[in-house]
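Welcome! Here is a short briefing on one structure, with its charged pairs and one of its pockets as the topics.

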Amino acid sequence: MQIGLIGAGNMARALARGWRQPVLCADPVFTRAQALAAETGGEALQSNAEVAERADLVVLAHKPAQLDLVATEVAPHARAVASILATVTLVALKHAYPERPVYRFIPSLPVEVRQGAVVQAADAPQQPDLDEQVQALFGSLGTLVKLDDSLVDAAMCLMSCAPAYVALVTEAQVDAGVRYGIPASAGAQLVVQTFAGTAELLRRRSYDTLAVRREVSSPGGLTVRGLDALERGGVRKAFSDAMDAVMHRAK
Ligand SMILES: NC(=O)c1ccc[n+]([C@@H]2O[C@H](COP(=O)([O-])OP(=O)(O)OC[C@H]3O[C@@H](n4cnc5c(N)ncnc54)[C@H](OP(=O)(O)O)[C@@H]3O)[C@@H](O)[C@H]2O)c1
C-alpha cells in the first residue's frame, strides 16, 4: 500500500520511521518533505494534490486547523484517507472527505520505534479488505486500541502527551540521584531501563499496578516510604490536573 503523507512534521516523521517503507510526502517547506522522503527512500512531491493522486492511502499529518484548506486540494483525488489530526472527529473528517473510506487514528511519538500507543475511532465497516489493511498498518506501530469516537480526544490527552511526562519524570528521578552522587548518565540508564522493564512487567501482570507495587513494597521497608513521599507530594493530583489542563485546551 503506497502511503502519502500530507505534512512532513514531527508526527509524520515518527510514523514514516515506524512504517519502514518508502512514503510520498508534501509540506509547505519542500526541503522538509525532501528530508523525510530521503530517509524512507520515498519521494517528496510539490503539492498535496499530487500526493493524493499517487497514494493508495493519504495520511493527514498537518495541523487540525488546516483540515478544510487541505481537503480542497486532496479530496478530489484521494482514494482513502487516514487522519491523525487531534480533536477532528470522524463526522468532521467524513464531511471534509465525503464518499470514500475515512479512518481516524491518534498515534503517540514512540510509533517511531514501533512501541507506540495508537487509538482508532471505531466505525462501521467501509471496505472490509481496506479496513483490515489500514488497521494492520497502524497496528504495526505498537498497541492499537479501538474506542468510540467520543472517547478519542480523552485517550489522546492520556497518551499523546505521555512521552513528555515520562521524559519529565525521568529527569526528576535522575536529578534526585545526582543529589546523591550518581552521575547523570549512569542514573539515566538505570531509570530508563527500570521504566522500560516495569512496563513489560505490567503487561505480563495484566496491567495490575497494585500487584507490582506490592511486590516491590515490603511492609515497613524502603519503597513504602518513597511512595508515601510521592503521595504527599501530590503525584496523583498532578497527573489528574495535567489531564484536566490538556482536555480543557483540546475542547
Ligand atoms: N505530536 C504529537 O505527539 C501528536 C500526537 C497525536 C496527533 N498529532 C497530530 O499530528 C498532526 C501533526 O502534528 P505535529 O506535532 O507533527 O506537527 P508539526 O511538526 O507542526 O507538523 C505539521 C506539518 O504540516 C505542515 N503543513 C502546514 N500546512 C500544510 C498544508 N497546507 N499542507 C501540507 N502540510 C502542511 C507544517 O508545515 P509548517 O510548519 O510550515 O506550517 C508541518 O511541517 C497534528 O494534527 C496533531 O494534532 C500529533
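Buried means under 20% relative accessible area, exposed means over 50%, and partly exposed lies in between (1.4 Å probe, protein chains only). This is a predicted model, in which local features need pLDDT of at least 70, side-chain atom pairs count only at pLDDT 80 or more, and totals for chains, interfaces and linings use all residues. Residues are numbered from 1 along each chain as its sequence is written, and side-chain values use heavy atoms, with hydrogens and water left out.

**Salt bridges**

- The structure holds 14 salt bridges, each being a side-chain nitrogen of Lys or Arg within 4 Å of a carboxyl oxygen of Asp or Glu.
- Arg-236 and Glu-231 meet in one of them, at 3.2 Å from N to O; Arg-236 is exposed at 54% relative accessibility, while Glu-231 is partly exposed at 38%.
- Salt bridges with shared partners join Arg-17, Glu-39 and Glu-112 into one network.
- Arg-32 pairs with Asp-27 in a salt bridge whose closest N and O atoms are 3.0 Å apart; Asp-27 is buried at 12%, whereas Arg-32 is partly exposed at 42%.

**The second largest pocket**

- This pocket has a volume of about 890 Å³, the volume being the space filled by probe spheres set on grid points joined across faces, edges and corners.
- A pocket is an open set of points on a 1 Å grid over the protein atoms alone, where a 1.4 Å probe fits, with protein on both sides within 12 Å along at least five of seven lines; lining residues have an atom within 4 Å of a point.
- Among the 35 lining residues, Met-11, Ala-61, His-62, Lys-63 and Pro-64 are the closest to the centre of the second largest pocket.
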